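I opened this model to look up its metal site and its ligand site. My notes follow the order in which I checked them.

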Amino acid sequence: EAKQQGRQTQIYNPTLNEQLHRRMEIELHLRKAVEFGQLKLYYQPIVVTENARLVGMESLIRWFHPVLGTVSPGEFIPIAEETGLIVPIGRWVLEEACRQNKQWQDSGFTPIVISVNISSRQFYDPLFTESLVSLLHRTGLAPQWLELEITEGVMMDIHTALPILMDLQSLGVNLSIDDFGTGYSSLKYLKELPVGKLKIDQSFIKHIDTNAVHTAIVQSVLAMSKQIGLDVVAEGVERLEELAALRQSGCPFAQGYLFSHPVAADEAERLLSETRCK
Ligand code: C2E
Ligand code: CA
Ligand code: CA
Ligand code: CA
């Protein structure tokens with residue numbers, strides 16, 4: 001029996017050790033990532049479904065570390081959230097996104113809305129609204145060109161979330177619910193939230209052209225949104241058939257690899273220049 005336990009230990013421990021080691025390594029290096037300029041924002045177009053006209057960009061963080069290589073946000077954002085590092089990182093993201101959007105506007109591109117992902121830790125930080133005010137002032141970006149993406153999970157406790165959402169709304173920034181459909185939010189709450197947009201999670205958009213259940217879900221979200229006056233973005237549109245199905249359902253906005261992968265600022269600027277106004 002002892003021998004068997006020994007074997008189990010041998011099989012199990014290295015994996016656990018590796019996981020812990022990786023986590024600690026990420027946490028350690030992440031502390032320096034802002035300071036060392038290793039973080040970059042990428043931008044992914046959000047378009048009008050009907051004609052693919054660009055109306056917005058979602059900013060998505062990228063981390064290039066000299067030794068660790070490229071670490072995906074799917075891996076380091078949860079660690080940043082657990083450790084609280086998301087607060088300084090999130091502050092950097094907001095500043096960079098607003099600065100970039102203002103710079104694009106000053107260069108004469110057709111104004112677009114820049115979307116920024118806000119994690120729970122940031123949203124419930126008592127200084128969040130206040131620092132957003134000074135950030136907008138500092139960068140000179142008008143609040144109507146900024147959108148904050150907040151997941152359903154963050155808004156689940158409506159009594160705590162509502163006053164913060166109201167404060168943000170009164171600043172004039174746009175609010176959207178990210179990954180809609182993956183959380184628990186009751187549809188009847190939507191009417192009471194000062195939110196202007198839903199982003200339907202990509203899991204519902206995948207194969208929407210062939211999956212009758214997904215089609216039904218998306219169509220009912222669209223019908224409900226129309227009724228209460230919400231905009232809708234379909235996330236993760238990858239195939240022409242999916243786009244066709246979304247057009248048929250009347251989904252107003254779309255985002256996904258079919259239009260563009262997230263790209264660096266210079267490439268995003270090239271995409272913007274196709275709708276340049278002066
Ligand atoms: P998200 O906010 O739901 O962002 C959409 C994710 O889907 C992005 O992954 C994007 O690259 C990917 N995506 C876009 N179009 C397609 C498509 O057509 N097909 C597929 N399969 N994927 C698509 P990414 O950039 O790896 O980000 C993952 C998550 O990390 C984000 O999910 C968001 O939750 C978080 N994240 C990224 N940047 C930030 C940030 O600046 N702050 C915070 N708090 N979270 C961030
Ligand atoms: Ca998002
Ligand atoms: Ca999303
Ligand atoms: Ca997500």
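**Metal site**

The model is predicted.

I then listed the donor atoms. Glu58 (OE), Asn117 (OD1), Glu149 (OE) and Asp178 (OD) coordinate the calcium ion (ligand 2), at 2.1 to 2.3 Å. I noted that distant parts of the chain are linked here: Asn117 belongs to strand 4 (residues 113–117) and Glu149 to strand 5 (residues 146–151), 32 residues apart.

I looked up the other calcium ion, ligand 3. It is 3.8 Å from the calcium ion (ligand 2), and Asp178 coordinates both.

**Ligand 1**

I checked where ligand 1 sits, and found it in the largest pocket. Strand 2 (54–65), helix 2 (73–83), helix 3 (86–106) and strand 6 (174–180) are the elements that give two or more residues to its shell. The most comes from strand 2, with 4 residues.

I counted the shell by class and got 9 nonpolar, 6 polar and 6 charged residues. Of the 21 residues around ligand 1, those that come nearest are Gln44, Arg62, Asn117, Glu238 and Tyr257.

Next I looked at polar atoms. A polar backbone atom of Ile61 lies 3.1 Å from a nitrogen atom of ligand 1. For Tyr257, a polar backbone atom is 2.8 Å from an oxygen atom of ligand 1.

Last, I looked up the cover: ligand 1 on its own has 810 Å² of accessible area, and the protein covers 81% of it.

Technical notes. Residues numbered from 1 in each chain as written. Chains lettered and ligands numbered in written order. Predicted model: local features only at pLDDT ≥ 70, side-chain atom pairs only at ≥ 80, totals over all residues. Heavy atoms only, no water. Near = heavy atom within 4 Å. Polar contact = N/O pair within 3.5 Å; in protein donor to acceptor, adjacent residues only side chain to side chain. Areas by Shrake-Rupley, 256 points an atom, 1.4 Å probe, with all protein chains shown as cover. 1 Å grid on protein atoms, 1.4 Å probe; cavity = no way out; pocket = protein on both sides within 12 Å on 5 of 7 lines; lining within 4 Å. Sits in = over half its atoms within 2 Å of the grid points. Nonpolar A, V, L, I, M, F, W, Y, C, P; charged D, E, K, R; others polar. Donors = N, O, S within 2.8 Å, 3.2 Å for Na, K, Ca; no water.
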